[in-house]
Amino acid sequence: MSTPTIGVLALQGDVREHVKALADAGAQARPVRRPEELAEIDGLVIPGGESTTMSKLAVVFGMLEPLRSFVRAGRPVYGTCAGMIMVADKLLDAREDQETLGGIDMIVRRNAFGRQNESFEAAIDVAGVSGGPVEGVFIRAPWVESVGGAVEVLATYDGHTVAVRQGNVLATSFHPELTGDHRVHALFVDMVRASAE
């Protein structure tokens with residue numbers, strides 16, 4: 001599979017930026033809004049945005065259970081920022097009724113790096129990404145409090161885990177789609193290609 005088709009969950013968040021980053025990384029990218037569109041893609045990106053709103057809209061649009069099934073089936077998924085929250089098995093500092101998809105055996109703390117006006121950028125070394133550090137854009141970003149034994153920690157910042165992988169599910173606290181450096185997206189595209197072999 002030279003050019004995988006990768007969907008970007010388009011309920012809320014920075015969809016357009018991910019579509020461009022995926023295309024630049026060698027994938028055919030398209031927004032996904034309906035359950036039936038999940039059958040047409042080889043992998044899925046869950047973008048940054050507002051995780052509480054995203055989970056509510058997933059329920060309203062009948063996407064929650066189809067998305068969970070997609071993850072449980074071992075299909076490749078990449079979550080950034082709010083997307084990291086969506087693929088976590090457990091959350092801290094979240095509303096009690098906030099739903100997640102699961103997929104990574106981790107506990108994630110919402111808004112751990114602070115409010116919107118405390119957003120920042122930092123150079124992050126990510127395991128599996130060659131060519132030096134990537135520029136991490138942290139906007140009301142979560143961090144990973146703890147992980148299970150099957151989870152690979154790919155990057156840390158200031159003592160906190162900010163990138164992880166478990167099987168075919170990848171997650172970052174930061175937004176690589178906002179930088180013009182598409183190496184993290186290329187890592188995910190390679191994961192999607194490998195899963196189809």
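Trainee: Which residues have the most contacts inside the largest nonpolar core, and how many residues does that core have?
Mentor: The largest nonpolar core has 33 residues. Those with the most contacts inside it are Ile6, Leu22, Ile124, Val126, Phe138, Phe174 and Phe188. A nonpolar core is a set of buried Ala, Val, Leu, Ile, Met, Phe, Trp, Tyr and Cys residues joined through side-chain atoms within 4.5 Å. Buried means under 20% relative accessible area, exposed over 50%, and partly exposed in between, with a 1.4 Å probe and protein chains only.

Trainee: Which elements give two or more residues to this core?
Mentor: They are strand S1 (5-9), helix H1 (15-24), strand S7 (120-124), strand S8 (134-138), strand S10 (152-157), strand S11 (160-166) and helix H5 (183-195). H5 gives the most, with six residues. Helices (H or I, at least four residues) and strands (E, at least two) are DSSP runs, numbered from the N terminus.

Trainee: And what lies apart from that core?
Mentor: Another core, of 30 residues. Among them are Phe70, Ile104, Val151 and Ala171.

Trainee: What kind of model is this, and how are residues numbered?
Mentor: This is a predicted model, with residues numbered from 1 along each chain as its sequence is written. Local features need pLDDT of at least 70 and side-chain atom pairs count only at pLDDT 80 or more, while totals for chains, interfaces and linings use all residues; side-chain values use heavy atoms, with hydrogens and water left out.

Trainee: OK, the whole chain. How many helices and strands?
Mentor: Five helices and 12 strands. The C-alpha trace spans about 40 × 40 × 35 Å along its principal axes.

Trainee: What about the radius of gyration?
Mentor: The protein chain has 15 Å. A compact globule of 197 residues would have a value near 16 Å, so the two agree. The radius is taken over C-alpha atoms, and the globule rule is 2.2 Å times the number of residues to the power 0.38.

Trainee: How many of the 197 residues count as buried?
Mentor: 50% of them. In the protein chain, residues 24 or more positions apart account for 66% of the contacts with a separation of 6 or more. Contact means heavy atoms within 4.5 Å.

Trainee: Back to Leu22. What does Leu22 touch?
Mentor: Ile6, Val8, Ala27, Ala29, Val45, His185, Phe188 and Val189. That leaves out residues up to four places away in sequence.

Trainee: Which residues of H1 are buried?
Mentor: Val15, His18, Ala21 and Leu22. Seen down the axis of H1, they fall within an arc of 130°, so they line one face of the helix. The arc is that of the directions from the helix axis to the C-beta atoms.

Trainee: Why would residues three or four places apart point the same way?
Mentor: An α-helix has 3.6 residues a turn, so residues at that spacing do.

Trainee: What covers the buried residues of H1, and what is on the face turned away?
Mentor: The cover includes S1, strand S2 (28-32), S3, S4 and H5. The face turned away carries the exposed residues Arg16 and Lys20. H1 is followed by Gly26, whose phi is positive, near 100°.

Trainee: Now H2. Which residues are buried there?
Mentor: H2 covers residues 51-60, and Ser51, Thr52, Met54, Ser55 and Ala58 are buried. They fall within an arc of 165° seen down the axis, so they line one face of the helix. They pack against strand S3 (43-46), helix H3 (64-72) and helix H4 (82-86).

Trainee: What happens at the start of H2?
Mentor: A side-chain oxygen of Glu50 reaches to within 3.0 Å of the backbone nitrogen of Thr52. As for what comes after, H2 is followed by Gly62, whose phi is positive, near 70°.

Trainee: New topic. Where is Thr100, and is Thr100 buried or exposed?
Mentor: Thr100 is in the loop between strand S5 (88-92) and strand S6 (104-109). Thr100 is buried, with a relative accessible area of 14%. A polar atom of its side chain lies 2.9 Å from the backbone oxygen of Ala88.

Trainee: And Cys81, where does Cys81 lie?
Mentor: In the loop between strand S4 (77-80) and H4. Cys81 is buried, at 3% relative accessible area. Beyond four places in sequence, its contacts include Gly48, Pro142, Thr172 and Phe174.

Trainee: Thr172 came up there. Buried or exposed?
Mentor: Thr172 is buried, at 1% relative accessibility. Thr172 is found in strand S12 (residues 169-172).

Conventions
Polar contact = N/O pair within 3.5 Å; in protein donor to acceptor, adjacent residues only side chain to side chain.
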